[in-house]
There are 2 protein chains.
Amino acid sequence: MSAVAPPAVDPAAAEEMAQEAAAWCALHGLVVGDRANPRSATVPGVGLVHAPFSLLPARLPEHFWRQACELAPIFNELVDRVSLDGDFLQDSLSKTRQVDDFTSRLLEIHRKMMETNKKENIRLGLHRSDYMLDSETRSLLQIELNTISASFPGLGSLVSELHRTLINHYGHFLSLEPKRVPGNAASSKFAEALAKAWAEFNVDSAVVMMIIQPEERNMYDQYWLTKHLKITHGITTIRKTLSQVEAEGKVLPDGTLLVDNKQVAVVYYRAGYTPNDYPSEAEWSARLLIEQSSAVKCPSISYHLVGTKKIQQELAKPNVLERFLENKEDIAKLRKCFAGLWSLDDEEIIKTAIEKPELFVLKPQREGGGNNIYGLDLRETLTILQKEGGDARAAYILMQRIFPEASLAYLVRDGISHEGLVISELGIYGAYLRNKDKVVINDQCGYLMRTKVSSSDEGGVAAGFAVLDSLYLTDKVILHLSTFSAISFN
Amino acid sequence: MSAVAPPAVDPAAAEEMAQEAAAWCALHGLVVGDRANPRSATVPGVGLVHAPFSLLPARLPEHFWRQACELAPIFNELVDRVSLDGDFLQDSLSKTRQVDDFTSRLLEIHRKMMETNKKENIRLGLHRSDYMLDSETRSLLQIELNTISASFPGLGSLVSELHRTLINHYGHFLSLEPKRVPGNAASSKFAEALAKAWAEFNVDSAVVMMIIQPEERNMYDQYWLTKHLKITHGITTIRKTLSQVEAEGKVLPDGTLLVDNKQVAVVYYRAGYTPNDYPSEAEWSARLLIEQSSAVKCPSISYHLVGTKKIQQELAKPNVLERFLENKEDIAKLRKCFAGLWSLDDEEIIKTAIEKPELFVLKPQREGGGNNIYGLDLRETLTILQKEGGDARAAYILMQRIFPEASLAYLVRDGISHEGLVISELGIYGAYLRNKDKVVINDQCGYLMRTKVSSSDEGGVAAGFAVLDSLYLTDKVILHLSTFSAISFN
């Protein structure tokens, strides 16, 4: 997966396109809160800036796109099946809980639900499965499966529209066709899934409650869903932090969740996925309160736990998928996208990783991301863990390192266009809605492309600079662009 | 015309509505550049903030609305007729030129065009006629007629949509009906008029050139027109300052205007209406260059001059309208909306104004607005001018003071809602396109409501705080809101 390096875009043309694109963002709500404006994370409509974006979409051979789309309903189903096996979740995460307080608190809520035999009849999953295309194996490999708070369904849809518009205006210079950018209805599809869950709950006066962080620069991504819920489905959304739910919420004896005296049909978490979202006991009380209610949770505590790295690694073990799925073809499809994943119980793999650290990533089990360990640091950490022995190893998962193809692209941030070596990650949204035995939705729901400056691009723009992107489907299996030499990096 | 003071909106509900509205602005491109961000006037997509808006539309009895709409095509026709009478323009403005350098420079270009017998076959006017409802006479009176750079066709359309959306969501609490907010297609109608002028020009490869200021916080209002031109009509717009036109532009012997090697079909001025837009001779050269070309000018130098206050005052004199229009009903309709207007040649009116300054406004002939003189200052200025005698008087027009009704409303700026006493001004957009004898368009094209804090609201928010607004049509002739006492102010 390599972001397209525009064949014939000279810097002046890129500048003109970037200006047109940034104005388009302002007109079409492809915006975020600007870090430079302290009010932008709390007050709607102020301190806005266009979301960072790639000037042109990232190329991907169409068959990989089809493969990723096909996987979505299978993962949806898998999450649901695994969520029903409470013992599997508790057992698989038993060591993790000893080294990670956050997972431990989630498991505690999960255990309480098991003890009271709490069942979720209406189960709603809004997931995003993230992939990279590994240039070594020429295969699409899963990075992770997000089962809580998958972000950018709102803005991601707009980037596809932006790219189609730009290709419409400039495509003839670039030999690009707008129809090769797949339509992306993530925003309306997610809203539709929330609306259908609300309909299954079947209380006309009830609302959707979005759980938000007290400060949120990505609030417009969320407001897009709110808009679709209201305009298309006539459903009101309320926005509450976990701490507000603790203060204003209660559960009636029949399970009804009331927050600020409004009955809640569906709880949609856009917060609660990281320990930072639980600064006090109040937030944990709110999470427990919601879980004890009869409201539809997106996700339930079980769905949330299925998305942990440890469960990802457990599911990658031989014969584990077979416990949850019957269809052999489906199982084969899932397995094909699994990267190598190991717990640190495996002495053999630790030895290999210490010898060849460049082939692995060491991932802390803690959620929130961004703390992956590579290279010599990986070697050092593993060596220490090997000496120490004991439970500390359970805090990590070892993963096969993926080598995505890098290419040249223009990334636009804060109104400025930067050319650099980039790599891309494809996320496929999936929605699953079930009411007891009835599967109401099991669909792929659009995509998110994220492109970032390759860490190897030392002459380029600041590291960690990531932008929203979309897809350009190509016929060719090869990814290299004829006009640029592509280089493999992570 | 009094902005609606929402009957049952308590401050908490207003706050909730204001947040929803501000988020709506961010999603739908109802944005401007934020003064606090120095880059927001030059770089698209950065330093955005929702445009200031009134939380609910301003009430207006429907018959005044119909009256204002009916006037639009008559004013369109009048402007065209007057523009053809070069001697009338030169003569009427002959004294003004001696005291106002800006008008003098415009007249000089106009005279040059007369000398070369330059004719404009394709004439495009995009005007806005502004009115206030005078509570003393209970009549709609014209404030001014803008024949150049009438702003907010883009954003104004969106405010009507915003208000309909809010009334859809909250209308049942407020006893308001969304259908009473008239649809406002100013944005697409202006784009359509530009597109039709482009079509009359009939050169497929030619572009529309928007003349812009080097710094423009209202650029998104302009980008909305650009968007409609491209998406609906397939026409490319280039943005140039007058200084860039001077540097990059030339006129070929056949009249073809080339700027940056692109042929220009239509020149649409969103700058050039104030002396500040001509800091050097370069800008005047550009204005002359454009005028000498065969491109369609919106407006031509003649159309521009018709919109001056002096011409407004001349047209209000007895028997002057009759020189330009035949239809007696049309003439009567125009006259009905004319406020009293006098030049300072009239000793009688000067005497009256010195005695009763509260009934008049003294308007400098200079364009740009904002320098009107009232009350004791008016008395003092007139007394000095009376003593001095001579040409200095020609720098002013005396106008009947209009007393619009004031009412309470919530105005939202920078994410903060303020309740205050406000007054409103209604602008009606008009488009006129003619190719020789063929009138292609002569239409009313939507509206702009602007609401500002009444200067008498001393306990209220900062003076000069004006917001975008829309209209709520009422059956009643009276304007007072049952729940609030309305007070007459200017």
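Which residues is L155(A) in contact with, leaving aside its neighbours within four places in sequence?

**View 1. The surroundings of L155(A) in a predicted model.** L155(A) belongs to helix α6 (residues 153-174) of chain A; helices (H or I, at least four residues) and strands (E, at least two) are DSSP runs, numbered from the N terminus. Leaving aside neighbours within four places in sequence, L155(A) is in contact (heavy atoms within 4.5 Å) with G29(A), L30(A), V31(A), V32(A), A51(A), N218(A), Y220(A), D221(A), W224(A) and L468(A). L155(A) has a relative accessible area of 0% and is therefore buried (under 20% relative accessible area; exposed is over 50%, partly exposed in between; 1.4 Å probe, protein chains only).

**View 2. The contact between chain B and chain A.** Each side is listed here: 30 residues come from chain B and 30 residues from chain A. The buried area, that is, the accessible area (1.4 Å probe) that two parts lose on being put together, summed over both, is about 2,300 Å², with 64% given by carbon and sulfur atoms. A26(B), L27(B) and L48(B) supply 25% of the area that chain B buries against chain A, more than any other three residues.

**View 3. A salt bridge between R39(A) and D414(B).** The closest N and O atoms of this pair are 3.3 Å apart. The interface of chain B and chain A holds two salt bridges (a side-chain nitrogen of Lys or Arg within 4 Å of a carboxyl oxygen of Asp or Glu).

**Notes.** Residues are numbered from 1 along each chain as its sequence is written, and chains are lettered from A in the order in which they are written. In this predicted model local features need pLDDT of at least 70, side-chain atom pairs count only at pLDDT 80 or more, and totals for chains, interfaces and linings use all residues, while side-chain values use heavy atoms, without hydrogens and water.
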